[in-house]
Amino acid sequence: MVPDIGRGSRTHGLLVYLYGPGKREEHFDAHLVGSWDGFAPDPGRDTDPTVALARLTAALDLRVKQAGDRAPAKHVWHCSVRTAPGDRRFSDKEWNNVAQRIVHATGIAPDSDPDGCRWIAVRHAEDHIHIVATLVRGDLRNPRLNYDFNMAQAECRRIEKEMGLRRLNAGDGTAAKNPTSAEKFKAERTGHPETSRETLRDAVRQAIAGADDEKEFFTRLHDAGLRVKIRHAPSGDALGYNVALPGDRNRHGEPVWYPGSKLAPDLSLPKLRLRLAEGATERATPQAAGGQADWSPPARARRSATGIAEHAAVLLDGDEDEAAAQLVGTGELLDAVAQTSPAATRAELITAARAFERATRSYVRAERADIRALRSAARGIVQAGGALGKGEDGGTTAMLLSTLVLLTIAAARWHSARGHAQQAHASRQAAEHLRTAYRQAAATPMQALRGHGRALPEAERRTHQATIRAALPEAAMRADSAVTKTDALTATLAQAEHAGHDPKTLLQQAIDMRELDTAGDVNDVLVWRLRRLAQLPAHPGDSTSRPKASTNRTGNRTAPTAAARPAASDPSNRPPRR
């Protein structure tokens, strides 16, 4: 059950709309289901609707006129209450009960208060009602409506439980503003798949992802084709900004501007400045080590981001409030990956980033926010440009997506532990979209790896499979209720051994990096961890040769060269937290 509250100044205009046909002829059989005294005029049941509408308007506005200048300028309180898809149809009596509970909970008309505000509830569809109240009490004072939306939300959660309705996730007031009905209707009328508000929110999020400073942020907005208007103080300092889509104009032919704070609470200029200050990105581009020089910039950026994302998941697993900062950085990383991904996975990744946007905000604040690593990873991906969907680019995309699935699941558990139902749900939604994108990106490289595994000499293949069985319990080798084939993991261990690593030690290091209980396919997760730790090509068809261990005069293998060893600075290669 979803309440939506707004305020206005025209009682008669709102009633005309509620009792009218609607913008698309969607209203039918409009009538009252409840009112402040149970005897209000009902234009939907009167033989002369026009007269009844005037009488109803006068009755609702009576105290407003009596209060005169003391009445609020926006004296009309309007709350629509809608049931969720799949919920049963309510009777008029049940809707009247819902309306009475909402006006009581919000302070509009508390029970047993004879001076409560005048209100009505209009029904013109099966799944919702509209509650209209005028904000002057019988004693001509204004009602106390502090946190009326939160109160309405809480009452709806109680009604859902008592009436056996679909239980929606409770909010905490940190969600972005939903598009209005007028915005949705305009998008539909103009043939756009989404509203301007949603398009602009995505564009601003993508512009801030990994941005080094305020100047770069505004440059990216302009480069994305948006209209940008910066508000300045008399001193010349920027106070805020507005954005608009080209061609999006109001009835007067003027651009429809949206302040950043109205797109999302954390997209205001002061909030973005705080993020830029706390998460200053690394300006220097790290040099590629060893054979990495032959990999493309997108491949190197994705490989580096994978280790950083793995470390962020470890921090979220620690269940400390300080990990809240990692959620903001994860959102930026998802936005960076989405805007630079190959066409085959772009739609799913954009949807995943949009879903996770809700998970980046809550009332939990990190006292020592440090998201430099994640923001630098996002910056590296954006600067590297678009990745191809094949070869090493495609393989490292799959490598990163495999880790991002686990990172969003860790975010869901972090939010669930704090009762953040909406944010936890958003994290799980993002994880599902990332899984879909991962399957698309990983299909080709994993198929090639499995072929390599099956082509190994029988003795070598059995040796590595024995290593796998010894390191992993049988339960961990199951996915989707079927024993997972280990050909890709076997091939990776063989390639790591040829590159100079000890397979048993390397496999155990990959297992110890982080828990595997949330992995949809343990095999896949370990394959990508191993290939990153051993600096093996993410795509087995890549011709880049990896540094091999040198041999001494007796033929015994020595430690791999520095280029073949995992970088010590990579936070994901540190010993796991206990």
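Biologist: Leaving aside neighbours within four places in sequence, which residues is Arg123 in contact with?

Modeller: Arg123 is in contact with Asp29, Ala30, His31, Val33, Arg89, Phe90, Ser91, Asp92, Trp95, His128 and Ile129, where contact means heavy atoms within 4.5 Å. The model is predicted, so local features need pLDDT of at least 70 and side-chain atom pairs count only at pLDDT 80 or more, while totals for chains, interfaces and linings use all residues. Residues are numbered from 1 along each chain as its sequence is written, and side-chain values use heavy atoms, with hydrogens and water left out.

Biologist: Which strand is Arg123 in, and is it buried or exposed?

Modeller: Arg123 sits in strand β4, residues 119-123. Helices (H or I, at least four residues) and strands (E, at least two) are DSSP runs, numbered from the N terminus. Arg123 counts as buried because its relative accessibility is 5%. Buried means under 20% relative accessible area, exposed over 50%, and partly exposed in between, with a 1.4 Å probe and protein chains only.

Biologist: What does the side chain of Arg123 have by way of backbone oxygen?

Modeller: A polar atom of the Arg123 side chain lies 3.1 Å from the backbone oxygen of Ala125, and one lies 3.2 Å from that of Glu126. A polar contact is a pair of N or O atoms within 3.5 Å; within protein, one must be able to donate a hydrogen and the other to accept it, and residues adjacent in sequence count only if both atoms are side-chain atoms.

Biologist: Now Thr134. Which backbone oxygen does its side chain reach?

Modeller: That of Leu60, at 2.6 Å. Thr134 lies in strand β5, residues 128-134, and is buried, with a relative accessible area of 1%. Beyond four places in sequence, the contacts of Thr134 include Asp61, His75 and Arg118.

Biologist: Change of topic. How many aromatic pairs does the structure hold?

Modeller: Four. Rings of Phe, Tyr and Trp (its six-membered ring) pair if their centres lie within 6.5 Å; planes under 30 degrees apart count as stacked, over 60 as edge-to-face and the rest as tilted. Phe217 and Phe218 form a tilted pair, 5.2 Å centre to centre with 50 degrees between the planes.

Biologist: Why is the pair of Phe218 and Tyr241 called edge-to-face?

Modeller: Because the planes of Phe218 and Tyr241 are at 75 degrees, with the ring centres 5.9 Å apart. This pair links distant parts of the chain: Phe218 is in helix α7 (residues 214-223) and Tyr241 in strand β7 (residues 238-244), 23 residues apart. Ring pairs join Phe217, Phe218 and Tyr241 into a cluster. Relative accessibility is 1% for Phe217 and 2% for Tyr241, and Phe218 has a relative accessible area of 8%.

Biologist: What do the buried residues of α7 pack against?

Modeller: Against α6 (196-208), β6, β7, α9 (269-278) and α13 (372-384). The buried residues in α7 are Glu216, Phe217, Phe218, Arg220 and Leu221. Asp213 caps the N-terminal end of α7, with a side-chain oxygen 3.3 Å from the backbone nitrogen of Lys215. After α7 comes Gly225, whose phi is positive, near 90 degrees.

Biologist: And what order do the strands have in the open sheet?

Modeller: β6-β7-β8, three strands with antiparallel pairing. Two strands pair if DSSP finds at least two bridges between them. β6 (227-232) and β8 (258-259) are at the edges with a single partner strand each, so one side of each is left without a neighbour in the sheet. β7 and β8 pair over two bridges; Val243 has Tyr258 in β8 as its bridge partner.

Biologist: Last topic. Which residues touch the most other members in the largest nonpolar core?

Modeller: Leu333, Leu401, Leu404 and Leu526, in a core of 74 residues. The largest share, twelve residues, comes from helix α14 (residues 391-416). A nonpolar core is a set of buried Ala, Val, Leu, Ile, Met, Phe, Trp, Tyr and Cys residues joined through side-chain atoms within 4.5 Å. Another core, of 25 residues, lies apart from it, and Met1, Phe90, Ile102 and Trp119 are among its members.

Biologist: How many residues does the protein chain have, and what share count as buried?

Modeller: It has 578 residues, of which 52% count as buried. The chain contains 19 helices and ten strands.
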